[in-house]
Amino acid sequence: MGILSTLLLTPLLGILILAIMPGGNTSQIRFTANIFATVAFLFSCWLVVDYNQLYGEIQYYEQFIYNPNFNSAFALGVDGLSLPMVVLASLLTLIALLASFSIVHNVKSYYISVLLLELGMLGVFLSQDWSLFYIFWELTLIPLFILIARWGGVRRSVASINFVLYTMGGSIFMLISLMAISQYMPEHGGTLMADMTEAAKKMPRDEQLWVLLGFLIGFGVKMPVFPLHGWLPLAHVEAPSPVSILLSGILLKMGAYGLIRVVVMLPEATLIMQPYLVFIALFGMIYGGVLAWRQSDLKAMVAYSSVSHMGLVLLGIATLNLTGLTGAVLQMTAHGLVAGAMFLLVGLLYERTHTRNILDYSSLVQVMPRFALFMTITLFAAMGLPGTVGFVAELHTVIGGYQQWGNLMLFLGLSILISAAYAMRTVGMLFTGPVKPQMRDIEDLKLYELTAAIILVAAIVLLGLWPTPLIDLSVATIAQMNDIISQSIQ
């Protein structure tokens, strides 16, 4: 058994062990789930250490034919695009479990659902077969629906159904596009990603456009991009805070990851769609930023900021050049860390005060100095302050966008200014002014909460000051993808 199969089976083994444990033993259930999440994270770290950064092709490839009639394979592999996402998925799962001590009812089913969600997320990023990718993609719907519907807020039923309907609707378009490409595969050709990429080149140009449109809808719902974002704010607000960490930190990146794979598969159609993509990206960035700035609910603010930041990812993808694609991949990682940290801290604050209204707070720096430090750094990272990983990602996207469209990047600058506006507003509202009477006795971060916050904020700052390891991890794969795109559109 290879390292990738072992990594994928780790959360599955955790699920099986939790399933046979008595439900009343809460502390043992928490400990077991955290152990398996830690082991999965360590496996992903070992992959990073052993990964050959100079080689852009798929590494650690494993394949097992599970459907001889259709030649569908259980094919796993990682490259410079998927490996950062694998590490991010395992890290944020561990962080989410550390932040889950507030879950006190149906604890066993909660932890099983989180590990099942991790299994689905890892499967999406490790899959090298489109049919396997689709199976894991759909698998993530089940635990996320359960997590929102059972442990969410007052409107959890509406939020969970909204999420499932939007995502399943998008998945249908993605499935139709995959089936359209499969018509150009040789008989019993299978659905391996590499083979499907070759088959897509045989398609007529007009068919490629329709197929790309189907993928854009399918992956655009998950990212989400404007105007397919309707499910996101409600889902974020109603989901338990640990689930929001995974939803924003990883689930949205699944859409961006899939879209990058598709752009490499259909570069000519992407070039034709490029003006529309850049419009959607820039409009979404400004639209998401303005709505985030207008929110008084902290979780709603972070949710709309995610729409803005994922627009930045779409912009990087739409550039179809090396710098822009690098910026998109860096932004996926940066936003995962920043949004994960923000939802972690907002969730911990809500547990103590039972309000998310920013108007209810003031001068928390006197009451919760540790919380104030980590929240301020995270908000600065969200606005792309130099010295944080958000700045590195945005700089690459700005340069790539300027190479492609020139002065049109003024709109990107406007969206960054809006991000700075709501970040500074939040810092001012939370940490300045007189201490309100109801906020005098709030407990600061506990040890396990502090551990989770330190891990994320340290990654945000260290990768901002020293981004070379993160860039080197992906550069060979992105360069190879850029070469494929360039050769196809010349």
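Where in the chain does Pro-224 lie? Pro-224 sits in the loop between H9 and H10. The views below come from a predicted model.

**Figure 1. The whole chain is built from 20 helices and 2 strands.**
The chain has 490 residues, and 62% of them count as buried. Along its principal axes, the C-alpha trace spans about 70 × 60 × 40 Å. The radius of gyration is 22 Å. A compact globule with 490 residues would have a value near 23 Å, so the two agree. Among contacts with a separation of 6 or more, 80% join residues 24 or more positions apart.

**Figure 2. The loop between H9 and H10 holds Pro-224 and Pro-227.**
A cis peptide bond runs from Met-223 to Pro-224. Its omega is near -15°. Another cis peptide bond runs from Phe-226 to Pro-227. Here omega is near 5°.

**Figure 3. Helix H3 and helix H19 pack as a roughly antiparallel pair.**
Helix H3 covers residues 82-98, and helix H19 covers residues 447-465. Two packed helices are described by the angle and the distance between their axes. The axes of H3 and H19 come within 9 Å. They cross at roughly 155°. An angle over 145 degrees counts as roughly antiparallel, and H3 and H19 are therefore described that way. The crossing of H3 past H19 is left-handed. From H3, the residues that meet H19 are Leu-91, Leu-92, Ile-95 and Leu-98. On the H19 side stand Tyr-448, Ala-452, Ile-455 and Leu-456. Which classes of residue make up this contact? The residues divide into 8 nonpolar, no polar and no charged.

**Figure 4. Helix H14 also meets H19.**
Helix H14 runs over residues 322-353. The axes of H14 and H19 come within 10 Å and cross at roughly 150°. H14 and H19 are therefore roughly antiparallel to each other. H14 passes H19 in a left-handed crossing. The H14 side of the contact consists of Leu-337, Val-338, Gly-340, Ala-341, Leu-344, Leu-345, Leu-348, Glu-351 and Arg-352. Facing them in H19 are Glu-449, Ala-452, Ala-453, Leu-456, Ala-459, Ile-460 and Leu-463. By class, this contact has 12 nonpolar, 1 polar and 3 charged residues. Ala-452 and Leu-456 of H19 meet H14.

**Figure 5. Helix H6 has buried residues covered by several helices.**
H6 takes in residues 141-151. Its buried residues are Leu-141, Pro-143, Leu-144, Leu-147, Ile-148 and Trp-151. What covers these buried residues? The cover includes helix H4 (107-126), helix H5 (130-139) and helix H7 (156-182). It also includes helix H9 (205-222), helix H10 (232-238) and helix H11 (241-265).

**Figure 6. Leu-147 is a buried residue of helix H6.**
Is Leu-147 buried or exposed? Leu-147 has 0% relative accessibility, so it counts as buried. Leaving aside neighbours within four places in sequence, Leu-147 is in contact with Tyr-110, Ser-113, Val-114 and Leu-117, and also with Gly-152, Pro-240 and Val-243. Ala-459 lies 312 residues from Leu-147 along the chain. The C-alpha atoms of Leu-147 and Ala-459 are separated by 27 Å.

**Figure 7. Helix H5 is mostly covered.**
How many of the 10 residues of H5 are buried? The count is 9.

**Figure 8. Tyr-60 and Asn-106 have positive phi values.**
Tyr-60 is found in strand S1, which covers residues 59-67. Phi of Tyr-60 is near 55°, a positive value in a residue other than glycine. Asn-106 lies in the loop between H3 and H4. Phi of Asn-106 is near 50°, again in a residue other than glycine. With a relative accessible area of 38%, Asn-106 is partly exposed.

Technical notes: Residues numbered from 1 in each chain as written. Predicted model: local features only at pLDDT ≥ 70, side-chain atom pairs only at ≥ 80, totals over all residues. Heavy atoms only, no water. Buried < 20%, exposed > 50% of the residue type's maximum accessible area, 1.4 Å probe, protein only. Helix = DSSP H or I, 4+ residues; strand = E, 2+ residues; numbered from the N terminus. Contact = heavy atoms within 4.5 Å. Axes fitted to C-alpha atoms, helices over the stretch in contact; angles between N-to-C directions. Parallel < 35°, antiparallel > 145°, perpendicular 65-115°, else oblique. Left-handed = near helix turned anticlockwise from the far one by under 90°. Nonpolar A, V, L, I, M, F, W, Y, C, P; charged D, E, K, R; others polar. Rg over C-alpha atoms; globule rule 2.2 N^0.38 Å.
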